[in-house]
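Hi there,

Here is the structure I promised to pass on. Have a look at it first, and then read my notes below.

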Amino acid sequence: MSIVTVQLGQCGNQIGHEVFSALCSDIRGTHGLCSKKENESYHDSCKERFFCEEESGVPVARAVLVDMEPKVISQTLSTAARSGHWKYNRHSHFCQKQGSGNNWASGYSVHGPRHKEAIMNLVQKEAEKCDRLGGFFTMMSMAGGTGSGLGAFVTQCLRDAFPTSFILNHVIWPYGTGEVIVQNYNSVLTLSHLYQSSDALLVHENDVIHKICAQLMNIKQISFRDVNQVIAHQLGSVFQPTHTAGEGSGYSRNPLGDLMETLVPHPEFKLLGLRNIPQMPENSLPYSTFSWPGLIKHLRQMLIANAKMEEGIDWQVRPPPPGSSIPSTNKPLHFNTSIANLVILRGKDVHGVDLGSFQDPSLYTSWLNPQDAFSAWKTPRAFNKYEKSASLVSNSQFLLKPLDSIVGKAWNMFASKAYLHQYTKFGIQEEDFLDCFTTLEQVISSYTNL
């Protein structure tokens, strides 16, 4: 089944480009470390999922690019075409001359309705090119104006136009120190609107990825491109083909559907986080060896201690003893309770790996059977030059602190009516803000009480 990607705003378009580049370099690589037959079916499955073929033989990304300024889109289109390995469809983009000025309301209330028809026509055309449409993958930032405001609007339009398709929003959480003075407003508005129309939100935090670039990738001067490449590698590690059932079952048909089925058992809980290990500079790879038990042990501790990367994990955090019905407020400090987890293993000897430690009932909320709460996908095909790699997609309390912090900061500004006039002039009223705060307070409360 095919996925149509919708890239929104500067951030969404730059990350989208890196994602397609990562997918393409992965399937072109000869580092598959698996049988020829396995490699070919992996290759075909990835192509069907993310690209359509042209007569020229160059894969064309199944993507729609949307921005309110032309600069980033034209750069993205030409960089992809120059690579010679893949390209975007020349007609699948929409841009205007003036941006949204980091104003969510301008993206949502002005640009969205004004350009709805043109944007949705492009999406419809891409969807019709798919033999079987698996759903939509949107990429956007929460902090700006176009990605967040227009992104929230377009997500609602997708939900209306394709009521039975899966929609996964990939959202970039802004730097805590701030890129934009009104980023907390924009974030609160984006999240609460996406919560209404999306099936799940897959979140990457800029601060976390920045740390990975500095500490694991040893990059001295970190650019947005470095950050985006780490994000693209992590996304590729989830969305490249895998076997969702036992061996020999063929590659998964619908990655978005499988992801929702395994990770989103209840519409109140839609926030997904992603961890991927190992991560290191490419020139260190030949000198590194990894064992599955070691990777799994690290990944599990990253989950329960809510560590974002394999360095600096707090090994003191332990799950509560089984059978102790402690109210959630007295849980061991910093313990991250999960609703559902998915582990994805790629590389040699994957089928013998013991994942029993992830089925421990004490990791999960009491209302789900641990058998249903944990899934594993595997493939012997290595990913992106890593002989063995493991990813964890988790629906857990990992975003509670950042979410609480953003809502708190936005509320303080709202209480003093700071910058509100910038939103009211585009028709977003105080009641709309209050609705959004209510939605997110409910989400925070639900995750807190796991």
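Helices H1 and H2 cross in a left-handed way. Keep in mind that this is a predicted model. H1 covers residues 9–28 and H2 covers residues 36–50, and the two pack at an angle of about 160° with their axes 10 Å apart. Angles over 145 degrees count as roughly antiparallel, so that is what H1 is to H2.

Which residues of H1 and H2 meet? On the H1 side they are Phe20, Leu23, Asp26 and Ile27, and on the H2 side Tyr42, His43, Cys46, Lys47 and Phe50. Sorted by type, the contact has six nonpolar residues, one polar and two charged.

S3 (residues 60–61) runs parallel to S5, and two bridges pair them. If you want to find one, look for Ala61, whose bridge partner in S5 is Tyr88.

Most peptide bonds are trans, and most residues other than glycine have a negative phi. Now look at the bond between Ile277 and Pro278: it is cis, with omega about -10°. Pro278 sits in the loop between strand S10 (271–277) and helix H10 (292–304).

Next, go to the loop between helix H12 (400–415) and helix H13 (420–424), where you'll find Lys417. Its phi is positive, near 55°. Tyr419 lies in the loop between H12 and H13, and its phi is positive too, near 60°. Tyr419 counts as partly exposed because its relative accessibility is 33%.

Cheers

Technical notes
Residues are numbered from 1 along each chain as its sequence is written. This is a predicted model: local features need pLDDT of at least 70, side-chain atom pairs count only at pLDDT 80 or more; totals for chains, interfaces and linings use all residues. Side-chain values use heavy atoms; hydrogens and water are left out. Axes are lines fitted to C-alpha atoms, for helices over the stretch in contact, and angles run from 0 to 180 degrees between N-to-C directions. Helices (H or I, at least four residues) and strands (E, at least two) are DSSP runs, numbered from the N terminus. Angles under 35 degrees count as roughly parallel, over 145 as roughly antiparallel, 65 to 115 as roughly perpendicular and the rest as oblique. A crossing is left-handed if the near helix is turned anticlockwise from the far one by less than a right angle, and right-handed if clockwise. Contact means heavy atoms within 4.5 Å. Ala, Val, Leu, Ile, Met, Phe, Trp, Tyr, Cys and Pro count as nonpolar, Asp, Glu, Lys and Arg as charged, and the others, Gly among them, as polar. Two strands pair if DSSP finds at least two bridges between them. Buried means under 20% relative accessible area, exposed over 50%, partly exposed in between (1.4 Å probe, protein chains only).
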